[in-house]
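User: I am new to reading protein models. Can you walk me through this one, feature by feature?

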Amino acid sequence: MTAIAQYTLAEIPAEKLYVRTFALAHNGIDRDNECFDEALLADFARTLPGKGLFIKHPTGWDGDSGPGKGRWFGAKLERMSLDEARALLREPGLKFPPGVETGVVLMADAYLVRTTGNADLLDEIDAGVVGDVSIGFTYKDSERVVDVNGIELNIWRLTSPGEASEGSLVWLGAQPGARAIKHANRTEDRTMPTEEQYQAEKSARTTAETKATALQAELDQAKPSHDIVLGLRKALGDNAALIDKPDDLAASVKAAAVYRDELIDTIVKQERQLGLCDDDDESVAAAKAIYAGDPLTRLQGRAKRLEAQATKGGRMPPSGAHRGQEPAPTGEFAENPAFG
C-alpha cells in the first residue's frame with residue numbers, strides 16, 4: 001500500500017485494489033529472435049514503476065489510445081537457474097543466448113481498481129484466461145549474438161541504456177512465458193495488508209514524520225545559540241573553559257567592567273590634571289563618554305602616555321590626538337618630545 005500510495009490521488013482502501021505480479025520480460029531468446037541484455041533489463045526495472053498497464057500496446061498498429069487500466073508500482077530482477085526460469089515461465093523449450101548461464105526475469109507488480117466495469121476482466125485474469133503480457137520500451141542499440149566459436153547467429157541482443165514505457169495485456173507477447181504469475185515468491189512485507197494494518201502503518205509513519213519535523217525545528221532554533229557559543233569560545237581563546245563555568249565567567253566580566261571604568265576614571269583624572277579637561281561635572285561626563293566605546297588596549301595605551309607626560313610635566317595635546325584627528329601641534333607644544 002505504501003508503494004501504491006505514491007501514485008494514487010486519493011486514499012484507496014486495500015479491498016478496492018486488485019494486485020498481481022507478472023513475469024514481464026527476461027533474458028531468453030524471444031519469438032523475434034531477439035534477447036534483452038541484462039543491463040537493459042535493469043533499466044526496465046528502474047523505469048517501469050509509475051507507468052501504465054494497458055489492455056494492448058498504445059503504440060501498436062491497433063493500439064489502445066485510451067488511458068491505462070492499471071499502473072505498475074514495483075519491479076525487480078530475479079536471478080535463477082535456466083531450468084528454474086523455464087519452469088517459472090512455463091516454457092520448457094525456452095532457449096538462451098550462448099554463454100548465458102543464469103536466467104534473469106523482470107518481475108513486476110501492477111494494481112487495478114476493482115470497479116463494476118472491470119469485474120469480468122479481473123475474474124478472467126484470476127482464471128488464467130487473460131494474463132499474457134508484453135513490455136513497451138526503448139533501447140540504445142542492437143548487436144549480433146555470436147556462438148562460442150565466434151560465428152554470428154541470427155539473433156540480436158538489445159542493449160542499454162533504455163526505458164520501460166508501459167506494459168500491456170496481449171493475446172501473445174514476443175517474450176515466451178511473459179504472463180501473470182499464479183504465486184510469487186513473496187515475503188511477509190510484500191503481502192497485501194488489511195485496511196486496519198494499512199491505517200496503523202500510515203499513522204505510525206505520520207507520527208515519525210511529525211517527530212522528525214519537530215526535531216529539525218528544534219535544531220534550527222538552537223543553531224543561532226550554537227553559533228554564538230562557538231564564536232565565544234573562539235574569542236575567549238585559552239579562557240574558553242569559562243563557558244562551562246558561568247558563575248566564574250560572569251565574575252570575570254564584572255571585574256573587567258570595573259577595571260574598565262577605573263581606567264577611564266584614571267584617564268580623565270590625568271587629563272584634568274594636565275589641563276586637557278575642565279573640572280565641571282558636564283566636562284568630566286563628556287570626557288568619559290568619549291572613551292566609553294574604546295577598546296581596552298587603546299585605553300591602556302592612553303593611560304600610559306598620560307602617566308608618562310604627567311611625570312615629565314607639561315601639557316598633552318587635546319584628547320583627540322591619540323586618534324590622529326588634529327593637526328600637528330604649534331608653539332610651545334611643537335618642541336615637546338611627547339608629540340614626536
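User: Where should I be careful? What does pLDDT do over residues 316-340?

Analyst: This is a predicted model, and pLDDT is the predictor's confidence in each residue. Over residues 316-340 it stays under 50. The model has 37 contacts beyond four places in sequence for that stretch. Residues 184-193 also stay under 50, with 13 such contacts. For the protein chain, the mean pLDDT is 81, and 84% of residues reach 70 or more.

User: Now the strands. How many bridges join strand 1 to strand 5?

Analyst: Strands of a sheet pair through backbone hydrogen bonds, either parallel or antiparallel. Strand 1 (residues 17-26) runs antiparallel to strand 5, and nine bridges join them. Strand 4 (residues 70-80) also pairs with strand 5 in the antiparallel sense, over 10 bridges. Look at M107 in strand 5: A23 is its bridge partner, and K76 stands opposite M107 too.

User: Why is strand 5 described as largely enclosed?

Analyst: Buried means under 20% relative accessible area. In strand 5 (residues 103-113), 10 of the 11 residues are buried, so the rest of the structure largely encloses it.

User: In what order do the strands of the three-stranded open sheet come?

Analyst: The order is 2-8-7, with mixed pairing. Strand 2 (34-36) and strand 7 (141-146) are the edges, each pairing on one side only. From one strand to the next, the twist averages 35°. Strand 2 and strand 8 (residues 152-159) run parallel, joined by three bridges. There, C35 has R157 of strand 8 as its bridge partner.

User: Which helix packs on that sheet?

Analyst: Helix 2 (residues 38-47) does, touching strand 2 and strand 8. Its direction makes about 60° with that of strand 2.

Conventions:
Residues numbered from 1 in each chain as written. Predicted model: local features only at pLDDT ≥ 70, side-chain atom pairs only at ≥ 80, totals over all residues. Heavy atoms only, no water. Buried < 20%, exposed > 50% of the residue type's maximum accessible area, 1.4 Å probe, protein only. Helix = DSSP H or I, 4+ residues; strand = E, 2+ residues; numbered from the N terminus. Pairing = 2+ DSSP bridges. pLDDT = per-residue confidence, 0-100. Contact = heavy atoms within 4.5 Å. Axes fitted to C-alpha atoms, helices over the stretch in contact; angles between N-to-C directions.
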